[in-house]
Amino acid sequence: MNFHILTLFPEMVMRALSESVIGRAAENGILSVAAADIRDYTLDKHGKTDDYPYGGGAGMLMQAQPVYDAWRAVTDAVGRPVRTVYLTPQGEVFHQAMAESFAKEEDVILLCGHYEGIDERVLTEIVTDYVSIGDFVLTGGELAAMVFVDAVGRLVPGVLNNGMSAENESFHGHLLEYPQYTRPAEWRGHKVPGILLSGDRRKIDAWRVKEAEERTKERRPDLYRRYRALEDCREILLRRKLQHTDMTELIARGQAELICAQGENICLKDTMSGTCFHTATDIENGCAMIETVLAREKERAGKDGASREFLLVLHQDFMVEAARERFGAELLMACYQAVHTRREKLPVSGLYDAAGRREEDRPAIRTLLPCHLDVVARYYRIMDDPDENLAYLKERIGKGQMSGLFQGENLAGFVGTHIEGSLGMLTVRKEYRGRKFGKALEVHAVNQALENGFTPYCQIEENNMVSIRLQQSLGLCFSKQKIYWMTAKV
Ligand code: ADE
(Lines give C-alpha, C1' and ligand atoms only; values in the text may rest on other atoms or scores of the structure.)
Protein backbone atom coordinates (compact mmCIF):
# COMPACT_ATOMS: atom_id res chain seq x y z
CA MET A 1 0.00 0.00 0.00
CA ASN A 2 1.25 3.49 -0.82
CA PHE A 3 0.46 6.58 1.25
CA HIS A 4 0.97 9.90 -0.55
CA ILE A 5 0.87 12.88 1.82
CA LEU A 6 0.40 16.40 0.45
CA THR A 7 1.63 18.90 3.03
CA LEU A 8 3.51 22.13 3.68
CA PHE A 9 5.63 20.27 6.25
CA PRO A 10 6.96 17.09 4.61
CA GLU A 11 9.87 16.61 7.04
CA MET A 12 7.52 16.65 10.00
CA VAL A 13 5.48 13.67 8.75
CA MET A 14 8.38 11.74 7.27
CA ARG A 15 10.40 11.97 10.48
CA ALA A 16 7.60 10.48 12.55
CA LEU A 17 6.58 7.81 10.04
CA SER A 18 10.09 6.49 9.42
CA GLU A 19 10.29 5.13 12.99
CA SER A 20 8.92 2.00 14.67
CA VAL A 21 6.40 -0.38 13.07
CA ILE A 22 5.44 1.76 10.05
CA GLY A 23 9.07 2.77 9.42
CA ARG A 24 10.16 -0.88 9.49
CA ALA A 25 7.33 -1.91 7.15
CA ALA A 26 8.41 0.84 4.73
CA GLU A 27 12.04 -0.31 4.94
CA ASN A 28 10.90 -3.85 4.14
CA GLY A 29 8.90 -2.67 1.14
CA ILE A 30 5.52 -3.77 2.59
CA LEU A 31 4.18 -0.23 2.30
CA SER A 32 5.48 3.15 1.24
CA VAL A 33 5.04 6.66 2.65
CA ALA A 34 5.92 9.69 0.52
CA ALA A 35 5.35 13.34 1.41
CA ALA A 36 5.10 15.94 -1.36
CA ASP A 37 5.74 19.58 -0.47
CA ILE A 38 2.78 21.62 -1.73
CA ARG A 39 5.05 24.70 -1.83
CA ASP A 40 7.08 23.03 -4.62
CA TYR A 41 4.03 23.40 -6.88
CA THR A 42 3.18 27.05 -6.40
CA LEU A 43 3.47 29.30 -9.45
CA ASP A 44 3.98 32.33 -7.20
CA LYS A 45 7.52 33.62 -7.57
CA HIS A 46 7.84 34.18 -3.81
CA GLY A 47 6.76 30.63 -3.02
CA LYS A 48 3.47 31.82 -1.52
CA THR A 49 0.71 29.18 -1.11
CA ASP A 50 -1.90 31.17 0.85
CA ASP A 51 -4.01 34.28 0.56
CA TYR A 52 -6.79 36.24 2.28
CA PRO A 53 -10.33 34.86 2.18
CA TYR A 54 -12.85 36.60 -0.07
CA GLY A 55 -15.54 38.24 2.00
CA GLY A 56 -13.14 38.87 4.85
CA GLY A 57 -12.55 36.93 8.04
CA ALA A 58 -9.64 35.87 10.18
CA GLY A 59 -6.52 34.14 8.89
CA MET A 60 -5.33 32.91 5.53
CA LEU A 61 -6.48 30.17 3.16
CA MET A 62 -4.39 27.74 1.14
CA GLN A 63 -4.82 28.48 -2.56
CA ALA A 64 -6.32 26.00 -5.01
CA GLN A 65 -3.55 25.96 -7.66
CA PRO A 66 -0.57 24.53 -5.70
CA VAL A 67 -2.79 21.96 -3.97
CA TYR A 68 -4.31 20.86 -7.27
CA ASP A 69 -0.96 20.61 -9.06
CA ALA A 70 0.60 18.62 -6.19
CA TRP A 71 -2.40 16.26 -6.31
CA ARG A 72 -2.20 15.95 -10.11
CA ALA A 73 1.48 15.01 -9.90
CA VAL A 74 0.59 12.06 -7.65
CA THR A 75 -2.46 10.85 -9.61
CA ASP A 76 -0.57 11.15 -12.92
CA ALA A 77 2.26 9.04 -11.48
CA VAL A 78 -0.17 6.41 -10.12
CA GLY A 79 -2.08 6.38 -13.40
CA ARG A 80 -5.59 5.74 -12.07
CA PRO A 81 -8.09 7.44 -9.72
CA VAL A 82 -6.89 7.46 -6.11
CA ARG A 83 -9.02 7.90 -3.00
CA THR A 84 -8.15 11.34 -1.68
CA VAL A 85 -8.65 12.13 2.00
CA TYR A 86 -8.82 15.67 3.30
CA LEU A 87 -8.00 15.73 7.02
CA THR A 88 -10.30 18.23 8.63
CA PRO A 89 -12.28 18.61 11.86
CA GLN A 90 -15.33 18.84 9.56
CA GLY A 91 -14.93 15.24 8.37
CA GLU A 92 -16.45 11.95 9.47
CA VAL A 93 -14.80 10.91 12.72
CA PHE A 94 -12.19 8.22 12.05
CA HIS A 95 -12.91 4.72 13.39
CA GLN A 96 -11.62 1.17 13.01
CA ALA A 97 -14.05 0.09 10.28
CA MET A 98 -12.97 3.12 8.25
CA ALA A 99 -9.32 2.12 8.73
CA GLU A 100 -10.18 -1.38 7.49
CA SER A 101 -11.88 0.01 4.42
CA PHE A 102 -8.83 2.18 3.53
CA ALA A 103 -6.44 -0.72 4.15
CA LYS A 104 -7.92 -2.41 1.06
CA GLU A 105 -6.70 0.40 -1.22
CA GLU A 106 -3.47 0.17 -3.19
CA ASP A 107 -2.90 3.96 -2.93
CA VAL A 108 -4.33 6.73 -0.74
CA ILE A 109 -3.64 10.48 -0.96
CA LEU A 110 -3.79 12.45 2.31
CA LEU A 111 -4.24 16.18 2.01
CA CYS A 112 -3.14 18.22 5.03
CA GLY A 113 -4.60 21.70 5.42
CA HIS A 114 -3.06 24.59 7.29
CA TYR A 115 -4.01 28.11 8.34
CA GLU A 116 -7.78 28.50 8.19
CA GLY A 117 -8.29 25.81 5.55
CA ILE A 118 -8.19 25.33 1.78
CA ASP A 119 -10.04 27.01 -1.10
CA GLU A 120 -13.31 25.08 -1.42
CA ARG A 121 -13.06 24.77 -5.23
CA VAL A 122 -10.07 22.45 -5.14
CA LEU A 123 -11.61 20.36 -2.37
CA THR A 124 -14.74 19.83 -4.48
CA GLU A 125 -12.56 18.83 -7.41
CA ILE A 126 -10.24 16.27 -5.77
CA VAL A 127 -11.45 15.07 -2.35
CA THR A 128 -13.31 11.74 -2.06
CA ASP A 129 -13.33 11.44 1.77
CA TYR A 130 -13.39 14.04 4.55
CA VAL A 131 -11.88 12.59 7.72
CA SER A 132 -11.50 14.04 11.23
CA ILE A 133 -9.50 12.30 13.95
CA GLY A 134 -11.72 13.70 16.70
CA ASP A 135 -13.83 16.59 17.82
CA PHE A 136 -11.03 19.04 18.48
CA VAL A 137 -9.06 21.43 16.32
CA LEU A 138 -5.38 20.93 15.50
CA THR A 139 -3.10 23.55 13.94
CA GLY A 140 -2.89 21.48 10.75
CA GLY A 141 -3.72 18.12 9.19
CA GLU A 142 -0.23 16.60 9.59
CA LEU A 143 -0.76 14.97 12.99
CA ALA A 144 -4.09 13.64 11.75
CA ALA A 145 -2.39 12.21 8.63
CA MET A 146 0.16 10.45 10.85
CA VAL A 147 -2.62 8.93 12.94
CA PHE A 148 -4.34 7.80 9.75
CA VAL A 149 -1.18 6.19 8.31
CA ASP A 150 -0.44 4.42 11.59
CA ALA A 151 -3.96 3.00 12.03
CA VAL A 152 -4.38 1.96 8.38
CA GLY A 153 -0.77 0.86 7.88
CA ARG A 154 -0.85 -1.66 10.74
CA LEU A 155 -3.75 -3.43 8.98
CA VAL A 156 -1.71 -4.00 5.82
CA PRO A 157 -0.77 -7.69 5.66
CA GLY A 158 2.78 -8.32 6.85
CA VAL A 159 3.12 -5.10 8.86
CA LEU A 160 2.41 -6.70 12.23
CA ASN A 161 4.95 -9.46 12.63
CA ASN A 162 3.87 -11.02 15.90
CA GLY A 163 2.36 -14.07 14.20
CA MET A 164 -1.19 -12.79 14.72
CA SER A 165 -2.68 -10.92 11.82
CA ALA A 166 -4.86 -7.98 12.83
CA GLU A 167 -7.81 -10.06 11.58
CA ASN A 168 -7.21 -12.72 14.22
CA GLU A 169 -7.27 -10.31 17.11
CA SER A 170 -9.96 -12.07 19.07
CA PHE A 171 -11.59 -9.02 20.55
CA HIS A 172 -15.06 -9.16 21.91
CA GLY A 173 -17.19 -6.99 19.71
CA HIS A 174 -17.02 -3.34 20.57
CA LEU A 175 -15.35 -3.68 23.94
CA LEU A 176 -12.23 -1.93 25.18
CA GLU A 177 -9.21 -4.08 26.01
CA TYR A 178 -9.16 -5.88 29.37
CA PRO A 179 -6.33 -5.04 31.81
CA GLN A 180 -2.99 -6.80 31.20
CA TYR A 181 -0.11 -7.62 33.57
CA THR A 182 3.46 -8.83 33.21
CA ARG A 183 6.16 -9.90 35.67
CA PRO A 184 6.70 -9.54 38.59
CA ALA A 185 3.56 -11.18 40.04
CA GLU A 186 3.67 -8.62 42.88
CA TRP A 187 4.77 -4.98 42.53
CA ARG A 188 4.63 -2.41 45.34
CA GLY A 189 2.20 -4.65 47.16
CA HIS A 190 -0.15 -5.00 44.15
CA LYS A 191 -0.73 -8.59 43.10
CA VAL A 192 -1.62 -9.80 39.62
CA PRO A 193 -5.21 -11.22 39.72
CA GLY A 194 -4.84 -14.86 40.77
CA ILE A 195 -6.97 -16.20 37.95
CA LEU A 196 -4.33 -15.17 35.38
CA LEU A 197 -1.82 -17.47 37.08
CA SER A 198 -4.25 -20.42 37.18
CA GLY A 199 -3.54 -21.69 33.65
CA ASP A 200 -7.28 -22.33 33.21
CA ARG A 201 -7.93 -20.96 29.68
CA ARG A 202 -11.69 -20.95 30.00
CA LYS A 203 -11.71 -19.08 33.32
CA ILE A 204 -9.13 -16.58 32.07
CA ASP A 205 -11.20 -15.86 28.94
CA ALA A 206 -14.38 -15.38 31.00
CA TRP A 207 -12.53 -13.06 33.42
CA ARG A 208 -11.17 -10.98 30.55
CA VAL A 209 -14.62 -10.55 28.98
CA LYS A 210 -16.07 -9.48 32.33
CA GLU A 211 -13.26 -6.96 32.92
CA ALA A 212 -13.57 -5.61 29.37
CA GLU A 213 -17.33 -5.20 29.82
CA GLU A 214 -16.95 -3.34 33.12
CA ARG A 215 -14.23 -1.09 31.76
CA THR A 216 -16.22 -0.25 28.63
CA LYS A 217 -19.40 0.44 30.60
CA GLU A 218 -17.51 2.86 32.83
CA ARG A 219 -15.25 4.59 30.30
CA ARG A 220 -17.18 4.39 27.03
CA PRO A 221 -20.92 4.10 27.68
CA ASP A 222 -21.55 4.79 23.95
CA LEU A 223 -19.57 1.71 22.91
CA TYR A 224 -21.11 -0.30 25.69
CA ARG A 225 -24.63 0.45 24.47
CA ARG A 226 -23.69 -0.79 20.97
CA TYR A 227 -22.08 -3.88 22.44
CA ARG A 228 -25.17 -4.64 24.58
CA ALA A 229 -27.49 -4.24 21.59
CA LEU A 230 -25.41 -6.74 19.62
CA GLU A 231 -25.21 -9.11 22.60
CA ASP A 232 -29.01 -9.00 22.89
CA CYS A 233 -29.21 -9.95 19.19
CA ARG A 234 -26.72 -12.73 19.75
CA GLU A 235 -28.85 -14.22 22.51
CA ILE A 236 -31.90 -14.19 20.24
CA LEU A 237 -29.96 -15.65 17.30
CA LEU A 238 -28.58 -18.43 19.50
CA ARG A 239 -32.12 -19.76 19.97
CA ARG A 240 -31.67 -21.22 16.47
CA LYS A 241 -27.97 -21.60 16.64
CA LEU A 242 -27.11 -23.69 13.57
CA GLN A 243 -29.23 -21.54 11.30
CA HIS A 244 -27.60 -18.34 12.58
CA THR A 245 -23.97 -19.25 13.21
CA ASP A 246 -22.83 -16.88 10.42
CA MET A 247 -24.55 -13.99 12.22
CA THR A 248 -23.42 -14.87 15.74
CA GLU A 249 -19.85 -15.29 14.48
CA LEU A 250 -19.98 -11.89 12.83
CA ILE A 251 -20.75 -10.46 16.27
CA ALA A 252 -18.08 -12.58 18.00
CA ARG A 253 -15.48 -11.36 15.50
CA GLY A 254 -16.35 -7.74 16.18
CA GLN A 255 -17.28 -7.11 12.54
CA ALA A 256 -21.07 -6.72 12.90
CA GLU A 257 -22.87 -3.43 12.51
CA LEU A 258 -26.46 -3.50 13.68
CA ILE A 259 -28.80 -2.30 10.93
CA CYS A 260 -32.15 -3.27 12.50
CA ALA A 261 -33.31 -5.38 15.41
CA GLN A 262 -36.89 -5.90 16.43
CA GLY A 263 -37.37 -9.09 18.40
CA GLU A 264 -36.41 -11.95 16.12
CA ASN A 265 -36.16 -9.70 13.07
CA ILE A 266 -32.50 -8.85 12.86
CA CYS A 267 -30.26 -7.44 10.14
CA LEU A 268 -26.49 -7.10 10.52
CA LYS A 269 -23.92 -5.74 8.15
CA ASP A 270 -20.46 -7.25 7.89
CA THR A 271 -18.16 -4.25 8.21
CA MET A 272 -15.38 -6.16 6.43
CA SER A 273 -17.22 -7.17 3.25
CA GLY A 274 -20.34 -5.00 3.28
CA THR A 275 -22.59 -8.08 3.04
CA CYS A 276 -25.91 -7.85 4.91
CA PHE A 277 -27.21 -10.79 6.96
CA HIS A 278 -30.93 -10.95 7.50
CA THR A 279 -33.28 -13.12 9.55
CA ALA A 280 -37.03 -12.54 9.80
CA THR A 281 -40.20 -13.92 11.36
CA ASP A 282 -42.45 -13.07 8.37
CA ILE A 283 -42.45 -11.50 4.91
CA GLU A 284 -43.64 -8.06 6.02
CA ASN A 285 -40.98 -7.60 8.67
CA GLY A 286 -38.40 -9.16 6.36
CA CYS A 287 -39.20 -6.77 3.50
CA ALA A 288 -39.22 -3.75 5.81
CA MET A 289 -35.66 -4.62 6.81
CA ILE A 290 -34.57 -5.02 3.18
CA GLU A 291 -36.04 -1.58 2.49
CA THR A 292 -33.92 -0.13 5.31
CA VAL A 293 -30.83 -1.82 3.90
CA LEU A 294 -31.56 -0.52 0.39
CA ALA A 295 -32.11 3.02 1.65
CA ARG A 296 -28.76 2.94 3.45
CA GLU A 297 -26.95 1.47 0.47
CA LYS A 298 -28.54 4.08 -1.80
CA GLU A 299 -27.32 6.84 0.46
CA ARG A 300 -23.80 5.40 0.34
CA ALA A 301 -23.91 4.84 -3.42
CA GLY A 302 -25.08 8.43 -3.82
CA LYS A 303 -21.88 9.70 -2.19
CA ASP A 304 -19.67 8.48 -5.00
CA GLY A 305 -22.40 8.46 -7.63
CA ALA A 306 -21.93 4.84 -8.65
CA SER A 307 -24.73 2.27 -8.70
CA ARG A 308 -23.60 -0.95 -7.12
CA GLU A 309 -24.53 -4.48 -6.26
CA PHE A 310 -24.41 -5.77 -2.75
CA LEU A 311 -24.82 -9.16 -1.15
CA LEU A 312 -27.72 -10.11 1.06
CA VAL A 313 -27.84 -13.37 3.02
CA LEU A 314 -31.37 -14.50 3.86
CA HIS A 315 -32.13 -17.11 6.50
CA GLN A 316 -35.71 -18.10 5.60
CA ASP A 317 -37.17 -19.86 2.51
CA PHE A 318 -40.17 -17.54 2.45
CA MET A 319 -37.96 -14.47 1.99
CA VAL A 320 -36.36 -15.63 -1.26
CA GLU A 321 -39.41 -15.13 -3.49
CA ALA A 322 -40.33 -11.90 -1.72
CA ALA A 323 -36.82 -10.46 -2.19
CA ARG A 324 -36.90 -11.46 -5.86
CA GLU A 325 -40.36 -10.07 -6.61
CA ARG A 326 -40.28 -6.87 -4.58
CA PHE A 327 -36.62 -5.88 -4.86
CA GLY A 328 -35.36 -7.66 -7.99
CA ALA A 329 -32.80 -9.60 -5.93
CA GLU A 330 -31.24 -12.63 -7.57
CA LEU A 331 -30.38 -15.94 -5.95
CA LEU A 332 -26.69 -16.85 -6.09
CA MET A 333 -26.72 -20.02 -4.01
CA ALA A 334 -28.61 -21.93 -1.36
CA CYS A 335 -26.44 -23.44 1.37
CA TYR A 336 -26.64 -25.51 4.48
CA GLN A 337 -24.70 -24.22 7.40
CA ALA A 338 -22.42 -26.85 9.01
CA VAL A 339 -21.02 -26.04 12.45
CA HIS A 340 -18.37 -27.61 14.67
CA THR A 341 -20.32 -27.18 17.90
CA ARG A 342 -17.73 -28.50 20.37
CA ARG A 343 -14.71 -26.61 21.71
CA GLU A 344 -12.39 -29.61 21.30
CA LYS A 345 -10.03 -29.79 18.38
CA LEU A 346 -10.37 -32.59 15.81
CA PRO A 347 -7.70 -35.28 15.63
CA VAL A 348 -5.23 -34.53 12.84
CA SER A 349 -5.65 -36.96 9.95
CA GLY A 350 -4.23 -37.60 6.50
CA LEU A 351 -0.73 -36.33 7.27
CA TYR A 352 0.78 -39.49 8.73
CA ASP A 353 4.19 -40.65 7.78
CA ALA A 354 3.85 -43.46 5.24
CA ALA A 355 6.47 -46.15 5.68
CA GLY A 356 9.60 -45.45 3.68
CA ARG A 357 8.58 -41.90 2.77
CA ARG A 358 11.34 -39.34 2.93
CA GLU A 359 10.91 -36.45 5.33
CA GLU A 360 10.68 -33.84 2.53
CA ASP A 361 7.96 -35.83 0.71
CA ARG A 362 5.69 -36.00 3.72
CA PRO A 363 2.53 -33.92 3.21
CA ALA A 364 2.57 -30.77 5.32
CA ILE A 365 0.16 -27.88 5.79
CA ARG A 366 1.52 -24.34 5.76
CA THR A 367 0.08 -20.83 5.58
CA LEU A 368 -0.01 -19.69 1.95
CA LEU A 369 2.15 -16.77 0.81
CA PRO A 370 1.63 -14.21 -1.97
CA CYS A 371 3.83 -16.35 -4.26
CA HIS A 372 1.09 -19.04 -4.25
CA LEU A 373 -1.63 -16.68 -5.51
CA ASP A 374 -1.42 -17.68 -9.18
CA VAL A 375 -1.77 -21.41 -8.50
CA VAL A 376 -4.68 -20.85 -6.11
CA ALA A 377 -6.46 -18.60 -8.62
CA ARG A 378 -6.02 -21.25 -11.33
CA TYR A 379 -7.89 -23.84 -9.27
CA TYR A 380 -10.41 -21.80 -7.34
CA ARG A 381 -13.08 -19.50 -8.69
CA ILE A 382 -15.53 -17.71 -6.40
CA MET A 383 -16.27 -14.70 -8.62
CA ASP A 384 -17.09 -14.63 -12.33
CA ASP A 385 -14.80 -11.70 -12.99
CA PRO A 386 -11.20 -13.04 -13.00
CA ASP A 387 -9.76 -9.75 -11.72
CA GLU A 388 -12.21 -9.64 -8.81
CA ASN A 389 -11.48 -13.29 -8.09
CA LEU A 390 -7.74 -12.60 -8.03
CA ALA A 391 -8.21 -9.55 -5.81
CA TYR A 392 -10.30 -11.57 -3.34
CA LEU A 393 -7.76 -14.38 -3.11
CA LYS A 394 -4.89 -11.91 -2.87
CA GLU A 395 -6.56 -10.22 0.07
CA ARG A 396 -7.26 -13.55 1.82
CA ILE A 397 -3.71 -14.84 1.30
CA GLY A 398 -2.26 -11.46 2.29
CA LYS A 399 -4.15 -11.58 5.57
CA GLY A 400 -2.79 -15.07 6.32
CA GLN A 401 -6.26 -16.59 5.94
CA MET A 402 -5.38 -19.45 3.57
CA SER A 403 -3.43 -22.67 4.15
CA GLY A 404 -2.02 -25.07 1.61
CA LEU A 405 -1.20 -28.75 1.74
CA PHE A 406 2.23 -29.32 0.22
CA GLN A 407 3.61 -32.57 -1.08
CA GLY A 408 7.27 -31.73 -1.27
CA GLU A 409 7.32 -28.35 -3.02
CA ASN A 410 4.01 -28.93 -4.81
CA LEU A 411 0.77 -27.37 -3.67
CA ALA A 412 -1.68 -30.30 -3.62
CA GLY A 413 -4.66 -28.39 -2.20
CA PHE A 414 -5.76 -25.50 -0.04
CA VAL A 415 -8.42 -24.19 2.32
CA GLY A 416 -9.23 -20.78 3.75
CA THR A 417 -11.46 -18.51 5.76
CA HIS A 418 -13.86 -16.27 3.86
CA ILE A 419 -13.95 -12.59 4.68
CA GLU A 420 -17.11 -12.92 6.80
CA GLY A 421 -15.68 -15.84 8.78
CA SER A 422 -16.88 -19.13 7.23
CA LEU A 423 -14.38 -21.83 6.31
CA GLY A 424 -14.24 -22.65 2.63
CA MET A 425 -12.36 -22.62 -0.67
CA LEU A 426 -11.46 -26.26 0.00
CA THR A 427 -9.80 -27.57 -3.14
CA VAL A 428 -7.62 -30.62 -3.84
CA ARG A 429 -5.98 -30.84 -7.24
CA LYS A 430 -7.16 -33.80 -9.32
CA GLU A 431 -3.86 -35.64 -9.30
CA TYR A 432 -3.80 -35.61 -5.48
CA ARG A 433 -7.35 -36.82 -4.84
CA GLY A 434 -8.18 -40.07 -3.00
CA ARG A 435 -5.51 -39.49 -0.33
CA LYS A 436 -7.74 -37.82 2.27
CA PHE A 437 -6.00 -34.47 1.72
CA GLY A 438 -9.38 -32.69 1.71
CA LYS A 439 -10.10 -34.06 5.16
CA ALA A 440 -6.63 -33.08 6.41
CA LEU A 441 -7.14 -29.50 5.19
CA GLU A 442 -10.63 -29.22 6.66
CA VAL A 443 -9.45 -30.54 10.04
CA HIS A 444 -6.63 -28.01 9.96
CA ALA A 445 -9.05 -25.14 9.21
CA VAL A 446 -11.43 -26.22 12.00
CA ASN A 447 -8.60 -26.46 14.53
CA GLN A 448 -7.14 -23.11 13.52
CA ALA A 449 -10.51 -21.38 13.95
CA LEU A 450 -10.77 -22.91 17.44
CA GLU A 451 -7.26 -21.70 18.29
CA ASN A 452 -8.29 -18.18 17.32
CA GLY A 453 -11.30 -18.39 19.64
CA PHE A 454 -13.93 -18.68 16.88
CA THR A 455 -16.66 -21.23 16.16
CA PRO A 456 -15.69 -23.14 13.02
CA TYR A 457 -18.48 -23.26 10.46
CA CYS A 458 -18.90 -23.56 6.73
CA GLN A 459 -21.63 -23.00 4.19
CA ILE A 460 -22.15 -25.83 1.74
CA GLU A 461 -24.15 -25.54 -1.46
CA GLU A 462 -27.19 -27.79 -1.25
CA ASN A 463 -26.03 -30.15 -4.02
CA ASN A 464 -22.39 -30.45 -3.05
CA MET A 465 -22.61 -34.03 -1.79
CA VAL A 466 -18.82 -34.50 -1.55
CA SER A 467 -18.52 -31.60 0.87
CA ILE A 468 -21.68 -32.56 2.78
CA ARG A 469 -20.27 -36.07 3.33
CA LEU A 470 -16.89 -34.69 4.39
CA GLN A 471 -18.39 -32.34 6.99
CA GLN A 472 -20.64 -35.15 8.26
CA SER A 473 -17.64 -37.44 8.65
CA LEU A 474 -15.98 -34.76 10.80
CA GLY A 475 -19.05 -34.55 13.02
CA LEU A 476 -20.16 -31.04 12.03
CA CYS A 477 -23.84 -30.34 12.72
CA PHE A 478 -26.07 -29.20 9.86
CA SER A 479 -28.76 -26.53 9.94
CA LYS A 480 -32.16 -27.82 8.79
CA GLN A 481 -33.01 -24.47 7.29
CA LYS A 482 -30.99 -23.39 4.26
CA ILE A 483 -29.55 -19.91 3.93
CA TYR A 484 -29.68 -17.96 0.68
CA TRP A 485 -27.00 -15.72 -0.81
CA MET A 486 -28.65 -13.11 -3.03
CA THR A 487 -27.44 -10.05 -4.94
CA ALA A 488 -29.39 -6.83 -5.00
CA LYS A 489 -28.77 -3.60 -6.88
CA VAL A 490 -29.05 0.00 -5.74
N1 ADE B 1 -7.04 19.33 11.14
C2 ADE B 1 -7.26 20.12 12.19
N3 ADE B 1 -7.95 19.50 13.15
C4 ADE B 1 -8.17 18.24 12.70
C5 ADE B 1 -8.83 17.10 13.21
N6 ADE B 1 -9.42 17.11 14.40
N7 ADE B 1 -8.88 15.98 12.46
C8 ADE B 1 -8.32 15.97 11.24
N9 ADE B 1 -7.66 16.99 10.71
C10 ADE B 1 -7.59 18.13 11.41
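## A glycine after a buried helix

Just after helix H11, Gly328 takes a positive phi of about 70°. Within helix H11, which covers residues 317-327, the residues Met319, Val320, Ala322, Ala323 and Phe327 are buried, where buried means under 20% relative accessible area, exposed means over 50%, and partly exposed lies in between, with a 1.4 Å probe and protein chains only. Helices (H or I, at least four residues) and strands (E, at least two) are DSSP runs, numbered from the N terminus.

This is a predicted model, in which local features need pLDDT of at least 70 and side-chain atom pairs count only at pLDDT 80 or more, while totals for chains, interfaces and linings use all residues. Residues are numbered from 1 along each chain as its sequence is written, and side-chain values use heavy atoms, with hydrogens and water left out.

## The largest nonpolar core

A nonpolar core is a set of buried Ala, Val, Leu, Ile, Met, Phe, Trp, Tyr and Cys residues joined through side-chain atoms within 4.5 Å. The largest one has 30 residues, and Phe3, Ile5, Leu110, Phe148 and Val152 touch the most other members. Several elements each supply at least two residues of this core, among them strand S1 (2-7), strand S5 (83-93) and helix H6 (142-153). The largest share, 7 residues, comes from H6.

## Patches on the surface

Leu143 counts as partly exposed because its relative accessible area is 46%. Patches are made of residues with over 30% relative accessible area and no salt bridge, with like charges joined within 9 Å and nonpolar side chains (Val, Leu, Ile, Met, Phe, Trp, Tyr) joined within 5 Å.

A negative surface patch is formed by Asp384, Asp385, Asp387 and Glu388. Of these residues, Asp385 is placed in the loop between helix H12 (373-379) and helix H13 (386-398), and Asp385 counts as partly exposed because its relative accessibility is 33%.

## Salt bridges

Side chains of opposite charge can pair when their charged atoms come close. A salt bridge is here a side-chain nitrogen of Lys or Arg within 4 Å of a carboxyl oxygen of Asp or Glu, and a search of the whole structure finds 26 of them. In one of these, Glu231 pairs with Arg234, with the closest N and O atoms 3.2 Å apart. Both residues lie in helix H8 (residues 221-237), 3 residues apart, which is about one turn of the helix. Glu231 counts as buried because its relative accessibility is 13%, whereas Arg234, at 27%, counts as partly exposed.

Another salt bridge joins the side chains of Glu451 and Lys345 (2.6 Å, N to O). This pair links distant parts of the chain, 106 residues apart, with Glu451 in helix H14 and Lys345 in the loop between strand S14 (330-339) and strand S15 (364-367). At 55% relative accessibility Glu451 counts as exposed, while Lys345, at 45%, is partly exposed. Elsewhere, Arg83, Glu105 and Asp129 are linked in a network of salt bridges.

## Backbone details in loops

The peptide bond from Arg183 to Pro184 is cis, with omega near 5°, and Pro184 is found in the loop between H6 and strand S8 (186-187). Although Arg188 is not a glycine, it has a positive phi of about 45°; Arg188 sits in the loop between S8 and strand S9 (190-191) and, at 71% relative accessibility, counts as exposed.

Note on methods. Areas by Shrake-Rupley, 256 points an atom, 1.4 Å probe, with all protein chains shown as cover. Lys, Arg positive; Asp, Glu negative; His and termini not counted. Charge placed at Lys NZ, Arg CZ, Asp CG, Glu CD.
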